[in-house]
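Please keep the structure in view while reading.

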Amino acid sequence: MHGIYEKDLDLNLLRVFVVVAEAGSVTEAASRLYLTQPAVSAALRRLASTVGAPLFVRAGRGLALTARGQRLFTSARPLLQALVEATVSPAAFDPKTSERTVRIGLSDANETWLLPPLLRALDEEAPRMRLVVIPVQFRTIAEALGSSAVDFAVTVADELSADTRRLTLFWGGFVCLYDPRHARIGKRLTRESYLAHEHVIVSYNGDLRGIVEDALGVQRRVRVSVPMFHSVGALVEGSALLATLPAVVAREITSLRPNLRTTPLPLDLGGAPTELLWRNTVDDDDAIRFIRDLVVRVVKTVHGPEEAPRSTTSG
């Protein structure tokens, strides 16, 4: 590529050259290019000087290509035509034939419920497209988007750069997951009972602090801390451990482990929006937009109809 920039060649000269070769006349070419005849003649002289050989000779009242000019015309014309077509008529995206690979940032809380139906939709509508899933969470999403490590993401996020677009997919709260055969919580889980039990927590920091400790400053009796949600169901089942989870994660776990139950928390953790996040720079990428739209459709199917979300830039 460096050789392209080392040559002192104005590509506009090639455009003038091709039009003159097609017209066979400086006068006619000047009319087509909306230039003066002296400007066209000067451009041809500059190009001939760069090439190091004459490109035209007089032929009656017009011009004819030299052998060197014919070789240049044969090479330059299709390339210039391709550039024009790429500029004014970009290739249309067709999901049925596209082989694009799209990189999605997903928090582990969203992988299980989102990926299976998303892949089924791709099988039907874009069978040759591929997905690469990158793990993200609220502490890493800004860097993943900023470095273009992901094309878009589905996660909970805090403040992001002003060029990030955000679409709220759904609002999710938290529940307590437990095994009723071992955890004795009574008819209603109280704060005292909740804090008396041992807990399994998910900590992205690799410590004994989870969302309850961070949000409320309440320290639980943590028996085990794991980095992801995938193993929580197996740890809770057959034990007296409690787990505080996003409701969407708990729903997936109980669907696979029918012995487990959920109950409302005795602590107010509020909720947070799970969002679809992407940079402005890929907003007009048809392939990425297609997958984003599929995600929105999957969310409506899984979580039911929500209020129409609105896409905004972060600020």
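The model is predicted, so to speak of a local feature a pLDDT of at least 70 is needed, side-chain atom pairs count only at pLDDT 80 or more, and totals for chains, interfaces and linings use all residues. Residues are numbered from 1 along each chain as its sequence is written, and side-chain values use heavy atoms, with hydrogens and water left out.

Q: At what angle do the axes of helix H2 and helix H4 cross?

A: Axes are lines fitted to C-alpha atoms, for helices over the stretch in contact, and angles run from 0 to 180 degrees between N-to-C directions. Here the axes of H2 (residues 11-23) and H4 (residues 37-51) cross at roughly 110 degrees and come within 9 Å. H2 and H4 are therefore roughly perpendicular, a term for angles of 65 to 115 degrees.

Q: Which residues make the contact?

A: Contact means heavy atoms within 4.5 Å. H2 contributes Leu 13, Leu 14, Val 16, Phe 17 and Val 20, while H4 contributes Val 40, Ala 43, Leu 44, Arg 46 and Leu 47.

Q: Is strand S10 buried or exposed?

A: Buried means under 20% relative accessible area, with a 1.4 Å probe and protein chains only. In S10 (residues 242-246), five of the five residues are buried, so this strand is largely enclosed by the rest of the structure.

Q: How many bridges join strand S7 to S10?

A: Two strands pair if DSSP finds at least two bridges between them. Four bridges join S7 (residues 174-178) to S10, and these strands run antiparallel; Val 175 has Leu 245 of S10 as its bridge partner. Strand S8 (residues 198-202) runs parallel to S10, joined by two bridges.

Notes: Angles under 35 degrees count as roughly parallel, over 145 as roughly antiparallel, 65 to 115 as roughly perpendicular and the rest as oblique. Buried means under 20% relative accessible area, exposed over 50%, partly exposed in between (1.4 Å probe, protein chains only).
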